Amino acid sequence: MCQHHMIGFVDPLVSSYTVVDFNNRATALIEDIFARDKIPIVVGGTNYYIESLLWKVLVNTRPQEMGTGKVVDRKAELEKEDGHELHKRLSQVDPEMAAKLHPHDKRKVARSLQVFEETGISHSEFLHRQHAEEGGGPLGGPLKFPNPCILWLHADQRVLDERLDKRVDDMLAAGLLEELRDFHRRYNLKTVSENSQDYQHGIFQSIGFKEFHEYLITEGKCTPETSNQLLKKGIEALKQVTKRYARKQNRWVKNRFLSRPGPSVPPVYGLEVSDVSKWEESVLEPALNIVQSFIQGHKPTATPMKMPYNEAENKRSHHMCDLCDRIIIGDREWAAHIKSKSHLHQLKKRRKLDSDAVPALRNQSSSPDCDPELKEGKSPVQQDQELKARV
């Protein structure tokens with residue numbers, strides 16, 4: 001039996017545990033496992049955390065200490081401020097990073113400000129230094145460990161959605177509601193009564209808790225019919241957000257692993273898991289062969305997956321849509337926005353307003369008393385051209 005690490009080791013009330021904390025602890029464990037001539041296997045999960053173990057992509061800042069000895073999470077403090085004010089401050093100290101971040105993306109804006117405040121170096125400069133290192137690329141620094149291998153278990157979307165729905169049903173049958181009630185009583189009841197509940201940090205932001213907030217705070221205080229409706233609402237929300245998260249994780253694999261630019265990109269081997277009756281021949285045996293080849297220093301017979309990378313696409317480009325009064329980050333997102341129903345609706349409204357304005361302006365300019373330009377003897381053609389220019 002393999003020894004498992006980092007399971008149930010963070011107190012539920014700790015809200016400041018970050019990817020940097022995870023990376024520091026996991027990296028130390030991986031190095032220790034290698035030192036014992038063993039092979040570490042990272043199972044996930046959150047691909048952002050896994051990425052931090054594969055590549056040098058993080059900027060490590062140390063928590064500040066107050067005079068009382070209390071550790072202050074500067075990022076959490078910044079997140080309490082207005083998002084637009086934070087973005088304005090970031091644009092003053094790190095305009096390059098500010099141009100890549102949406103003002104509503106308060107977490108990333110606060111993180112970039114934290115980096116500058118605690119190190120005196122802009123976040124964008126840190127990233128430039130990582131990219132310039134040998135083996136670095138557009139998305140980060142070099143690989144942290146040599147010869148990594150990624151196994152990606154993927155399934156048909158319809159099959160995956162059905163499995164995720166069933167998993168929620170199985171969790172409920174196994175006692176999820178009682179676990180939620182107990183957790184709510186022990187950790188959440190006081191903050192709810194004080195109206196200080198925070199579903200944006202720590203364990204409270206995780207999938208499976210906030211979806212049942214209304215049900216938990218009203219249980220025993222409303223009619224059984226209402227309580228049952230809130231329960232059904234929470235279950236449906238849990239299923240929807242779980243499927244949405246799975247899609248997000250798949251996109252991350254495709255965008256950050258399969259189509260990652262740069263020289264230091266480990267191979268990703270896909271294992272089809274739609275039909276679990278073929279687990280042995282479709283998943284287990286191919287996985288063992290791939291890993292065995294890596295251990296022996298041979299090239300696996302399986303072909304790694306790869307997606308083309310569009311070098312022309314800028315995922316952090318800044319676009320301002322004056323029609324919709326929105327800031328859009330990324331070429332792909334901008335292309336999608338200008339084709340969206342909301343944008344086309346605003347465009348249609350603007351064109352109608354412009355077309356209505358032309359005859360109105362012409363009527364106003366038709367009277368010599370109302371238009372000094374006519375008194376100056378300008379021709380109708382000149383007037384029409386200037387009218388169009390004004391419109």
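**Figure 1. Helix H1 and its buried face in the predicted model.** In this predicted model, helix H1 takes in residues 19-35, and its 17 residues, at 1.5 Å a residue, should span 24 Å, which agrees with the 24 Å that separates its end C-alpha atoms. The buried residues of H1 are Val19, Val20, Phe22, Asn23, Ala26, Thr27, Ile30 and Ile33. Seen down the helix axis, these buried residues fall within an arc of 145 degrees, so they line one face of H1. Among the elements that cover them are helix H2 (47-54) and helix H6 (106-119). After H1 comes Asp37, a residue whose phi is positive, near 60 degrees.

**Figure 2. Helix H7 and the helices it packs against.** In helix H7, which is made up of residues 123-132, the buried residues are His123, Ser124, Phe126 and Gln130. Viewed down the axis of H7, they fall within an arc of 155 degrees, so that they line one face of the helix. The packing partners of these buried residues are helix H5 (95-100) and H6. Arg129 also lies in H7, but with a relative accessible area of 43% this residue is partly exposed. Between the C-alpha atoms of Arg129 and Gly140, which are 11 residues apart along the chain, the separation is 9.2 Å.

**Figure 3. Val115 and its surroundings.** Val115 is a residue of helix H6, and its relative accessible area of 0% means that it is buried. When residues up to four places away in sequence are not counted, Val115 touches Val59, Thr61, Gly120, Ile121, His123 and Phe126; of these, His123 and Phe126 are among the buried residues of H7. The C-alpha atom of Val115 is separated by 9.6 Å from that of Arg74, although the two residues are 41 residues apart along the chain.

**Figure 4. Ser227 in helix H11.** Ser227 lies in helix H11, which covers residues 224-258. This serine counts as buried because its relative accessibility is 13%, a value under the 20% cut-off for buried residues. Leaving aside neighbours within four places in sequence, the residues in contact with Ser227 are Tyr215 and Cys222.

Figure 5. Rolling a probe the size of a water molecule over the atoms shows where empty space is left. A search of the whole structure finds 1 cavity of 30 Å³ or more, and the largest cavity holds about 50 Å³ of space. Its lining is made up of 14 residues, of which Trp55, Gly137, Arg260, Pro261 and Ser264 lie nearest the centre.

**Figure 6. The second largest pocket.** The second largest pocket contains about 1,900 Å³ of space and is lined by 48 residues, with Val42, Val43, Gly44, Ile150 and Leu151 lying nearest its centre. At least two residues of this lining are supplied by each of H1, H2, strand S3 (150-154), helix H8 (157-173), H11 and helix H12 (279-296). H12 gives the most to the lining, with 9 residues.

**Figure 7. The annotated segment at residues 318-343.** An unreviewed UniProt entry carries the annotation "domain: Zinc finger double-stranded RNA binding" for residues 318-343. Over this segment the chain of the model is 42% helix and 31% strand, and the C-alpha atoms at its ends are 17 Å apart.

Terms used: Residues numbered from 1 in each chain as written. Predicted model: local features only at pLDDT ≥ 70, side-chain atom pairs only at ≥ 80, totals over all residues. Heavy atoms only, no water. Helix = DSSP H or I, 4+ residues; strand = E, 2+ residues; numbered from the N terminus. Expected span 1.5 Å × (residues − 1). Buried < 20%, exposed > 50% of the residue type's maximum accessible area, 1.4 Å probe, protein only. Arc of directions from axis to C-beta. Contact = heavy atoms within 4.5 Å. UniProt positions renumbered as here; feature names shortened; annotations may be inferred. 1 Å grid on protein atoms, 1.4 Å probe; cavity = no way out; pocket = protein on both sides within 12 Å on 5 of 7 lines; lining within 4 Å. Points joined across faces, edges and corners; volume = space filled by probe spheres on them.
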